[in-house]
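Here is a short report for a first look at this structure. Keep the model open while reading.

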Amino acid sequence: MKKLLPLFSCLLLVGCGVLTSAQADDDPLEPLNRRIGTWANTTYQKQAAWTPEERTTTGEETIKWILDKKFIQIDVINVDGTKGRSLITYDAEAKVYRSWFFGNQNEFPRGESIGRWDPKADRMDWTLDFGGDLRGRMFLQFTGKDKMDWALAIRDGSGKLMMKTGGSQTRKQ
């Protein structure tokens, strides 16, 4: 789990957009459209149980629609050699977003990742269940058409901070 930081950027950077409530209500996949393209990312990790040393890495994400525009696929490559892939979709029955992450540091889906879009705040909030007693909360906040900030905290059942990470992304194209 210690090397998960750079790859959480991929899991966590689910699409959001600058939309009106009417647009998001009409097409719940529209917030994901905001993520399509190539993004430069900077990810930081703060000191916590899994991450005893603070560090920062940079990388690039390529994001596209797949499977008849039902999912976005996010591929990330960071300068430290970490790589990952996320799949994100909208679950129309539950009216939530769902995400799955796979990485080259032995990461694969465990538990649920549930996102809820708030078009008025231009923000997506996620609750993450990593199995056992590990839970996470994160947010993705657009600060402009082509810029986004995010943060994640994972805690165990006793409330101990296991990981604190976040970052920013800027659209390249």
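## The barrel

Ten strands form a closed barrel in the order β1-β2-β3-β4-β5-β6-β7-β8-β9-β10, with antiparallel pairing. From one strand to the next, the twist averages 25 degrees. Axes here are lines fitted to C-alpha atoms, for helices over the stretch in contact, and angles run from 0 to 180 degrees between N-to-C directions. Strands (E, at least two residues) and helices (H or I, at least four) are DSSP runs, numbered from the N terminus. Two strands pair if DSSP finds at least two bridges between them.

This is a predicted model: local features need pLDDT of at least 70, side-chain atom pairs count only at pLDDT 80 or more, and totals for chains, interfaces and linings use all residues. Residues are numbered from 1 along each chain as its sequence is written, and side-chain values use heavy atoms, with hydrogens and water left out.

## The nonpolar core

The largest nonpolar core has 26 residues. Those with the most contacts inside it are Leu 32, Ile 72, Tyr 97, Trp 126, Met 138, Leu 140 and Ile 154. Two or more residues come from each of β2 (55-66), β3 (71-78), β4 (83-91), β7 (123-129), β8 (135-144), β9 (147-155) and β10 (161-171). β9 gives the largest share, four residues.

A nonpolar core is a set of buried Ala, Val, Leu, Ile, Met, Phe, Trp, Tyr and Cys residues joined through side-chain atoms within 4.5 Å. Buried means under 20% relative accessible area, exposed over 50%, and partly exposed in between (1.4 Å probe, protein chains only). In soluble globular proteins, nonpolar side chains tend to be buried together.

## A buried threonine

Thr 43 lies in strand β1, which spans residues 37-46. Thr 43 counts as buried because its relative accessibility is 0%. Thr 43 and Ala 151 are 108 residues apart in sequence. In space, their C-alpha atoms are 9.4 Å apart.

β2 and β3 pair in the antiparallel sense, over eight bridges. Glu 60 stands opposite Ile 77 in β3.

The loop between β2 and β3 holds Asp 68 and Lys 69. Asp 68 has a positive phi, near 60 degrees. Phi of Lys 69 is also positive, near 60 degrees. Most residues other than glycine have a negative phi. Asp 68 is exposed because its relative accessible area is 74%. Lys 69 is partly exposed, at 44% relative accessibility.
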